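Hi everyone, thanks for making the time today. Let me put the structure up, and then I'll talk you through it.

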Amino acid sequence: MELGLFLTNITAPPVLFFFLGAAAALVRSDLEIPQAIARFLSLYLLLAIGFKGGVALAESTWSLTMLASLIAAIVLASTIPILAFFLLRRRIGTADAAGIAATYGSVSAVTFITATAYLDLLQIPWSGHLVAALALMESPAIVIGILLFRLYGPRDTAVALQWRELLRDAFLNGSVFLILGSLLIGWISGPAGMDQLAPFTTHIFTGMLCLFLLDMGILAARRLEELRRSGAMLVGFALLFPMFCALLGTGVAWLLGLSEGDTLMLAILAASASYIAVPAALRLTLPEANPSIYVPMSLALTFPFNIVFGIPLYHQIIQWL
Amino acid sequence: MELGLFLTNITAPPVLFFFLGAAAALVRSDLEIPQAIARFLSLYLLLAIGFKGGVALAESTWSLTMLASLIAAIVLASTIPILAFFLLRRRIGTADAAGIAATYGSVSAVTFITATAYLDLLQIPWSGHLVAALALMESPAIVIGILLFRLYGPRDTAVALQWRELLRDAFLNGSVFLILGSLLIGWISGPAGMDQLAPFTTHIFTGMLCLFLLDMGILAARRLEELRRSGAMLVGFALLFPMFCALLGTGVAWLLGLSEGDTLMLAILAASASYIAVPAALRLTLPEANPSIYVPMSLALTFPFNIVFGIPLYHQIIQWL
Amino acid sequence: MELGLFLTNITAPPVLFFFLGAAAALVRSDLEIPQAIARFLSLYLLLAIGFKGGVALAESTWSLTMLASLIAAIVLASTIPILAFFLLRRRIGTADAAGIAATYGSVSAVTFITATAYLDLLQIPWSGHLVAALALMESPAIVIGILLFRLYGPRDTAVALQWRELLRDAFLNGSVFLILGSLLIGWISGPAGMDQLAPFTTHIFTGMLCLFLLDMGILAARRLEELRRSGAMLVGFALLFPMFCALLGTGVAWLLGLSEGDTLMLAILAASASYIAVPAALRLTLPEANPSIYVPMSLALTFPFNIVFGIPLYHQIIQWL
Amino acid sequence: MTPCKRVEIIIDEPLLRRVLAVLDDVGAPGHTVYRNLTGSGNRGTRRGDELTGVFNNCCVVVACEERMAMELAEALRPVLKRSGGMCLISDALWLRH
Amino acid sequence: MTPCKRVEIIIDEPLLRRVLAVLDDVGAPGHTVYRNLTGSGNRGTRRGDELTGVFNNCCVVVACEERMAMELAEALRPVLKRSGGMCLISDALWLRH
Amino acid sequence: MTPCKRVEIIIDEPLLRRVLAVLDDVGAPGHTVYRNLTGSGNRGTRRGDELTGVFNNCCVVVACEERMAMELAEALRPVLKRSGGMCLISDALWLRH
Ligand SMILES: Nc1ncnc2c1ncn2[C@@H]1O[C@H](COP(=O)(O)O)[C@@H](O)[C@H]1O
Ligand SMILES: Nc1ncnc2c1ncn2[C@@H]1O[C@H](COP(=O)(O)O)[C@@H](O)[C@H]1O
Ligand SMILES: Nc1ncnc2c1ncn2[C@@H]1O[C@H](COP(=O)(O)O)[C@@H](O)[C@H]1O
Ligand code: NA
Ligand code: NA
Ligand code: NA
């Protein structure tokens with residue numbers, strides 16, 4: 001990898017604030033962001049990115065590639081959890097394999113957002129409909145993870161699957177709902193709406209992202225020690241599997257003939273793993289899976305790897321193609 | 001009603017975010033805004049609108065109409081609760097009638113703020129001193145509601161009325177205090193102060209309003225089911241009484257010769273019902289009134305009605321005059 | 001003191017909002033800012049001031065004066081607590097004297113920030129490395145206060161001093177960490193980083209400061225009554241000792257030949273007293289000292305005194321020199 | 001360790017100051033307050049999602065001697081009767097330090 | 001004042017709605033919920049610092065008659081077995097107002 | 001259901017980590033923490049309105065066997081003596097799942 005892209009990425013303020021948060025947790029400083037504030041920041045980021053994507057959609061013309069990339073996104077989000085499940089099942093048991101499958105099949109909005117900040121910095125354009133792809137990719141893996149557990153798990157799982165609850169938790173969870181809704185609102189209100197909201201959704205965006213990544217750094221580093229109990233195999237998985245998924249995403253984007261920016265966004269969507277929507281849904285529908293395994297993998301390894309190394313690395317690979 | 005104004009209103013981002021919140025609650029998504037954040041947003045809005053009004057005051061010249069409209073506002077805020085009380089008293093009992101009277105006599109700052117966003121969008125001017133009217137109209141109805149209950153309620157109400165506490169809760173409650181204080185600060189610091197604060201109080205204002213209305217949509221829709229227990233009569237009251245009050249406000253404004261914008265603002269003040277200051281005060285001084293009646297009426301019916309239909313409807317009526 | 005500077009200071013919106021908060025608490029309004037929001041605002045202010053200082057550093061050339069003023073800052077922060085301790089020890093007991101020594105030896109970031117807003121208003125420049133001085137002055141007094149208590153306190157203090165914990169609480173506490181880290185990030189990312197973050201860290205800064213000072217006004221006024229129990233001697237100390245420290249700081253700055261702005265900043269650092277980092281650390285390492293003494297002194301007397309009278313007063317004195 | 005009564009009062013958050021006034025009146029030796037609670041009872045569900053805390057509950061715990069606990073209960077009865085809420089009393093040992 | 005049982009259930013916050021469903025099933029007369037708790041037990045430390053509340057605990061308190069308390073305990077057992085948590089039952093007096 | 005002791009410790013929030021260290025030392029099987037409490041006692045009112053939590057209380061609940069409860073109480077005594085707080089111990093039944 002050339003040093004240039006890598007340096008551009010790690011000297012951007014958002015990534016630096018992530019390091020700062022991680023450092024605070026590692027030296028056991030009492031720096032802490034109240035949970036309510038972290039939720040506020042994440043709601044803000046979802047609203048802003050959704051709205052931005054919607055306005056971009058309103059300004060673009062419809063094309064077949066758009067539709068094709070949305071379908072490709074759903075296919076990716078449904079294939080990746082199946083791959084993950086069968087890779088892990090024999091080694092760590094069905095429940096945890098299903099949990100990890102759901103986690104890695106789904107996506108991380110903050111990773112996506114950090115990648116948009118990176119592209120904006122390099123002034124490489126990306127398309128608004130990828131925000132829709134982000135939203136569409138959050139849910140399928142949850143349902144697939146549960147189904148895999150039902151199919152291959154212990155026969156005696158007494159409790160019947162509550163489909164209604166499962167589907168609601170998967171498809172109507174807060175973050176999916178807020179992104180899709182804001183996308184729609186951005187689309188309806190278009191550039192006129194953007195004029196009204198730009199100071200809120202665009203101008204202060206990078207600053208809010210910095211503050212949020214500061215918190216993510218704290219949370220990620222705190223979970224590092226829990227990884228010791230997970231063993232080297234899962235650590236390796238959390239670092240290598242995303243790279244494999246990024247290649248998968250890049251390949252699909254290449255087949256569809258997407259632009260440089262859009263290819264990177266699809267790669268990063270494939271590579272990222274959820275730590276918000278999925279754990280919340282799994283605690284209810286798959287309590288047999290241990291959250292102290294799948295959350296630290298996603299939050300303390302895959303997330304930092306992606307935002308620090310992954311984004312410039314995948315970008316480099318795309319430029320080589 | 002012409003479709004134009006109505007469409008302008010419901011395609012503005014703030015109103016769209018209100019719909020989004022309501023939709024989230026109706027489909028039982030887990031989208032939720034922490035209570036601390038909702039309070040922060042409401043404090044922000046009160047501070048910003050107060051400051052803006054104060055700066056506008058500093059820039060305008062004093063006139064008799066100004067004074068007259070402040071007096072008219074207080075008269076409206078004292079008459080409306082009495083009308084409401086005698087309309088309802090025989091049907092639902094004295095305590096609840098007094099609670100509803102206080103609720104509808106007082107005003108909703110967020111409805112007011114949404115109306116200012118609507119006027120700003122149409123570039124119709126309105127006067128800063130109406131922010132003072134907003135603050136002055138919050139409290140009288142609380143005192144009048146309590147007095148009506150004392151006069152017409154059961155004789156055996158053992159507990160003596162604690163005037164000190166009542167007056168403090170009515171006139172010094174947080175939202176009245178913050179609006180009036182910010183108005184004063186805006187007035188003192190004038191356009192120079194606005195230069196310093198504009199990015200905070202003006203530029204990001206619409207965005208913050210969107211986020212707050214998202215939350216209001218969630219809260220309003222959640223309370224909808226509680227209305228079933230209230231019965232059709234109160235549902236009708238919550239929709240028709242505000243319209244009647246808007247006409248009253250319009251009439252008064254017409255008598256005073258107010259401008260188009262100011263007339264709409266006075267109408268909306270008269271039409272709006274409180275769901276913040278009043279419930280907080282009533283729980284202490286009128287615990288006999290059931291908050292599950294007056295809060296849902298105000299929050300789940302009158303508030304949405306006003307911001308979705310009311311604002312353009314009253315505006316239309318004013319244009320016809 | 002000439003009235004000009006004083007008026008400039010007290011008609012600035014931040015100071016006016018401080019008065020508003022204090023008034024709300026004094027008339028017992030229920031105006032209140034949720035604790036999570038207050039923490040958010042303080043994190044924001046620390047991040048913004050640190051970042052700003054770092055960018056300023058990146059733009060300035062290194063000089064010996066810079067290094068000298070950092071050393072002077074540390075010397076001030078180590079001398080002042082010793083003076084305070086021996087002034088008070090005989091009168092109020094060793095534990096409380098040590099607590100007050102730590103409080104007044106350390107600094108208040110919000111006082112510093114209010115002073116920067118004042119200088120910015122008057123368009124008087126100040127140097128970014130003083131933000132580093134702010135961070136360096138927070139911790140030494142904590143360690144010195146504890147050591148003084150160990151040396152002069154009761155012999156039978158059974159519990160051994162936990163050096164590791166003490167040093168971590170002193171030097172790695174959240175606010176020190178965040179300021180220094182943001183300074184570093186500002187320095188690394190320089191003017192390019194500022195382009196990205198200016199709307200967040202600079203444009204909305206004064207507004208966020210207003211909201212925070214509103215809360216500080218509430219908290220300060222609420223603590224006023226606790227002061228009655230402390231007695232006139234401590235009230236006098238809380239008002240006079242800061243002035244003495246400001247003179248000390250001014251003298252040191254004069255010896256170093258600092259600019260007008262930098263002299264004021266060093267004076268205000270010396271004069272200010274901590275109410276965040278110090279109480280948090282002392283509760284753990286010096287529970288014998290009563291927080292109901294040192295917190296109200298710092299928060300309800302020294303802080304308001306400094307931001308209302310101190311800043312223009314010290315400025316006046318500097319101009320006379 | 002001294003035997004004592006643990007009194008636990010659940011009430012609407014806006015009414016907290018009224019309960020604290022009652023504690024003052026009977027001279028309770030101290031209290032602890034838990035805020036931002038939700039719940040449900042005779043007066044329906046309290047979701048705690050209002051801006052004002054008007055649908056939040058809070059809990060006040062008081063440790064005191066039996067006699068004071070009974071006095072407190074009697075003093076609280078009219079408050080609870082008027083505006084709802086719950087009061088439980090149980091036995092505990094108080095670690096005197 | 002009536003003798004009653006005080007049932008106290010600690011469970012992951014996302015599972016709260018499942019516990020409330022159980023309360024509904026057995027017909028509990030009311031409940032109070034404490035949120036944003038942290039803790040530790042067999043399933044390790046729960047720091048409560050996740051964005052989603054997935055590592056937060058909550059506590060549900062139910063005051064009810066002895067018979068219902070036992071019924072409730074039995075109904076809760078499978079929920080707790082499947083996803084962890086704790087349930088304590090103690091004696092209390094309920095102030096009838 | 002097994003009989004156990006319910007230990008309830010109220011302490012300043014900054015001192016929480018010291019109490020948790022004591023729990024570790026005596027080998028408590030678990031604990032639950034309630035934060036952001038306010039209250040009043042011998043050391044005056046704790047309003048919980050400081051930025052730092054220095055005037056907030058918290059509550060640690062531990063369910064354990066009688067013997068451990070007594071051990072815990074003794075280990076906590078010096079901590080409470082030095083910096084204030086309250087500790088109550090009561091009886092409960094623990095639902096084993
Ligand atoms: N049986 C119960 N168990 C636990 N908490 C209760 C019970 N009944 C009432 N509460 C609490 O007391 C509050 C007020 O009760 P009520 O006045 O009966 O609606 C409720 O919102 C609950 O938080
Ligand atoms: N012995 C205990 N005392 C108090 N709380 C406990 C105890 N054991 C478990 N808990 C609480 O119950 C939660 C779940 O317990 P577990 O399923 O054992 O991990 C913990 O996070 C604690 O909050
Ligand atoms: N009698 C009591 N009942 C309930 N809580 C108490 C009592 N005494 C003290 N507390 C709690 O323990 C904290 C510290 O007590 P103290 O050290 O006595 O000031 C207080 O702030 C209260 O939250
Ligand atoms: Na993925
Ligand atoms: Na009205
Ligand atoms: Na100082």
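**Sodium sites and chain interfaces**

Let's start with sodium: along the chain, the donors of the sodium ion (ligand 5) follow the spacing Y-x1-S-x163-A-x1-S. Before I go on, some housekeeping: this is a predicted model, where local features need pLDDT of at least 70 and side-chain atom pairs count only at pLDDT 80 or more, while totals for chains, interfaces and linings use all residues. Residues are numbered from 1 along each chain as its sequence is written, chains are lettered from A and ligands numbered from 1 in the order in which they are written, and side-chain values use heavy atoms, with hydrogens and water left out.

So, which atoms hold that ion? The sodium ion (ligand 5) is coordinated by B:Y104 (O), B:S106 (O), B:A270 (O) and B:S272 (O), at 2.4 to 2.7 Å. A donor here is an N, O or S atom within 2.8 Å of the metal (3.2 Å for Na, K and Ca), and water is not among the atoms, so sites may look incomplete. B:A270 is buried at 1% relative accessibility, and B:S272 is buried with a relative accessible area of 1%. Buried means under 20% relative accessible area, exposed over 50%, and partly exposed in between (1.4 Å probe, protein chains only).

C:A270 is buried, with a relative accessible area of 1%, and C:S272 counts as buried at 1%.

The area buried between chain A and chain C is about 2,300 Å², with carbon and sulfur atoms giving 84%. Buried area is the accessible area (1.4 Å probe) that two parts lose on being put together, summed over both.

Finally, chains E and D. 18 residues of chain E are in contact with 22 residues of chain D, and the two chains bury about 1,800 Å² between them, 58% of it on carbon and sulfur atoms. In chain E, E:Y34, E:L95 and E:H97 lose the most area to chain D, together 37% of what that side buries.

What about charge? Between chain A and chain C the count is zero salt bridges, whereas the rule finds one across the interface of chain E and chain D. D:E8 and E:R6 meet through their side chains in a salt bridge (2.8 Å, N to O). The rule asks for a side-chain nitrogen of Lys or Arg within 4 Å of a carboxyl oxygen of Asp or Glu.

Conventions. Contact means heavy atoms within 4.5 Å.
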